[in-house]
Amino acid sequence: MTDLIPILINIDVEPDEREVSLGDHSPWVGFEKTFAYFKTVRTRLEAVTQAPVHFNWLVRLDPQIETIYGDPAWPVTQYRHLLSELQNSGDEIGIHPHTWKWLPEIARWKSVYDPKWVRHCFAMSFRTFKREFSRAPRICKFGDHYISGQTVSLMEEFGLDCDLTLEPGYRTVAERGRHEPGTSPVLDFRQALRFPYRPSRRNFLQAGGHWWSRRRLWVIPVSSGATSGEVIRPSDAPDHEVMTLNLEFYAPLFRYISDALLGKSTKPYLSIVVRSDVPTRDHERTQMETSLDNLANHPWAHRFRFVTGQEALPYFF
Ligand SMILES: [Zn+2]
């Protein structure tokens, strides 16, 4: 297993719009297209790696979905046939809770990070998943890369195995340049670890040293780097120079960072993210296709193993 390189592709399954209008019950065209596209990607990557190819799909089952569709399980009931096919292909389905709350006084959605609301959003996603899939979810990726001591505790309390949220290099959720209302928790991920770890019970941003001081849960950080200069530890890079391996981002930089991470790490892995609406936007779709072409044509592609969160864990011990 030592020369094999685990690669996680984590797909957020969401409405095409972030701030969906109340009463807009549009289908998730982006997810439908993403599903079809990744079917072809799977075939291609299986041919290149000569191994099974699995993806992680993180589905929205939270209060925003409940408010819009009247049922947080809407995406599962609407797309049960697609999700079943993904499961039959060996993919992992998990949850992707956002903390959007509809505020009638401003007639807008707002991301709310009050601990009670965060717990409510997570618990609704968990319960809905369990009811619909007759089992508990094993993986979670919080919306807007929000991670805190509370979210890590929640995942452990509810028995999940992997968190896929952490995006090392960024300073706060608010500093992503989004012009949306939000409560902007001040969190600093510039020094966050860049390899999978079991967090300390006292500080989720540190690895626990001993079995009694660390959580059972694994944190698998999204791969990231600075777009100029030192790639592996972009702690001192300004925020605008930090880039995660998001398939919608500029493909040449995606390649630059992924090549550097693969080449410089002693135990290389990649954790790659993408939102399901990307195929509905021409420019971003092209970036995604180019980056996946580059991975398929990579000189080390025969060593890549496209894995679920659980399948990745044995590589990290
Ligand atoms: Zn999201």
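Colleague: Which residues are exposed on the other side of α7?

Modeller: Bear in mind that this is a predicted model. Helix α7 covers residues 251–264, and its buried residues are Phe254, Ile257, Ser258 and Leu261. Seen down the helix axis, those buried residues fall within an arc of 95°, so they line one face. On the other side, the exposed ones are Gly263 and Lys264.

Colleague: And what do the buried residues of α7 pack against?

Modeller: Phe254, Ile257, Ser258 and Leu261 are the buried ones in α7. Their packing partners include strands and a helix: β9 (224–226), β10 (242–244), β11 (270–275) and α8 (282–296).

Colleague: Okay, over to Val118. Is that buried or exposed?

Modeller: Val118 sits in helix α5, residues 115–133. Leaving out residues up to four places away in sequence, Val118 touches Thr99, Tyr113, Gln150 and Thr151. A residue needs 20 or more other C-beta atoms within 10 Å to count as buried. Val118 has 20 of them, so the call is buried.

Colleague: Zooming out, what is the radius of gyration of the protein?

Modeller: The protein has 9 helices and 12 strands. For 317 residues the globule rule gives 20 Å, and the model comes close to that, so the protein is as compact as a globular protein of that length. Its C-alpha atoms fill a box of roughly 50 × 40 × 35 Å along the principal axes. The radius of gyration itself is 18 Å.

Notes: Residues numbered from 1 in each chain as written. Predicted model: local features only at pLDDT ≥ 70, side-chain atom pairs only at ≥ 80, totals over all residues. Helix = DSSP H or I, 4+ residues; strand = E, 2+ residues; numbered from the N terminus. Expected span 1.5 Å × (residues − 1). Buried ≥ 20, exposed ≤ 12 C-beta atoms within 10 Å, placed from the backbone. Arc of directions from axis to C-beta. Contact = placed C-beta atoms within 7 Å. Rg over C-alpha atoms; globule rule 2.2 N^0.38 Å.
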